[in-house]
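Here are a few exercises to work through with the structure open. Try each task yourself before you read the solution.

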Amino acid sequence: MNMDFHTHGKLAKYLPFSAEYTDWLLSEAVGAGLDAICLTEHFNTQQFDTLYGYIAARGIRQGDAYLIDGLKVFPGMETDIAEGGHLLSIGPMEAILELNHRLEPYKAKGHFLTAAELFELFDEYPVIVGAGHPFREESHIPELPSELLQRFDFLDLNGKDVAADRQRTEMLTRSLAQKLQKPVVAGSDTHQAVQYGCIRTCFEKDFDTFSELRQEMLAQHYTIQVHQEAAFKVRMAGLLKRSLKEIHALGGDYVSVLLRPNGESPAVLKAKRQAG
């Protein structure tokens, strides 16, 4: 089962939720060869509840995942910490939504919880916690006390960082993981579809519950694949993201520009692509 551990369902935190845009993302994930994703949207994004409510309504619940057009979507969240850095949490939809509600007072910069406080909160829920892109410039996760580092369940080998400097990212991430005796899994960190598939975690078996995910992850029954054109995919994804955000800033409808170049609906465009 090909899985992406770090994805987003919106183009940017400050932009409104768009069902059409999210549908495009999910359909393109399948096109990129993925069988499953962890939807780890930013905890302080606009309309967090709306996005996850849409996933729950749109998908067929299968274990802990939501099956949408052949793609398993596992709920999750990406949360900032006061020290600088991001923690990924993945778990049942009910747990993610309740956690997000409890984090409401801490969603503005300057009010973030510390890593220790966030771990204490996470301990109350059945979630698996990862260190998101731990060696990105603004991240201070590697500097956390060893007792906190030991509380991570996994480390994120991040596609965006691998594309920028694969040797450095892999060396540092795997070195820390070896020191902590924690697994490393891969996530693209995409906010739009071009970046899907730049890196992925390929499990030996299929599953749809977090207990199975944890078991297979800890047993390291998987490999990580980096796309041969990962750097190009990430670079093009960045250009697309900036362009779509600029369209929005200028008062345009970036979703229509992206999905309806000829005034056709996403469903019609998808049917045309499938028909060749």
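**Exercise 1. Where does H6 sit, is H6 buried or exposed, and which residues does H6 touch?**

Solution. Start with the strand: H6 belongs to β1, residues 2-7 (strands are DSSP runs of E with at least two residues, helices are runs of H or I with at least four, and both are numbered from the N terminus). Next, check accessibility: H6 has a relative accessible area of 0%, so H6 counts as buried (under 20%; exposed is over 50%, partly exposed in between, with a 1.4 Å probe and protein chains only). Finally, list its contacts (heavy atoms within 4.5 Å). Skipping residues up to four places away in sequence, H6 touches C38, T40, E78, L88, H133, D156, N158, G187, S188, D189 and T190.

A quick note before you go on: this is a predicted model, where local features need pLDDT of at least 70 and side-chain atom pairs count only at pLDDT 80 or more, while totals for chains, interfaces and linings use all residues. Residues are numbered from 1 along each chain as its sequence is written, and side-chain values use heavy atoms, with hydrogens and water left out.

**Exercise 2. Work out how helices α2 and α3 pack.**

Solution. First, get the geometry: the axes of α2 (residues 48-58) and α3 (residues 93-102) come within 11 Å and cross at roughly 170 degrees (axes are lines fitted to C-alpha atoms over the stretch in contact, and angles run from 0 to 180 degrees between N-to-C directions). Therefore α2 is roughly antiparallel to α3 (over 145 degrees). Then find who does the touching: F48, D49, Y52, I55 and A56 from α2 meet M93, I96, L97, N100 and H101 from α3. Sort these contact residues and you get seven nonpolar, two polar and one charged (Ala, Val, Leu, Ile, Met, Phe, Trp, Tyr, Cys and Pro are nonpolar; Asp, Glu, Lys and Arg are charged; the others, Gly among them, are polar).

Technical notes: Parallel < 35°, antiparallel > 145°, perpendicular 65-115°, else oblique.
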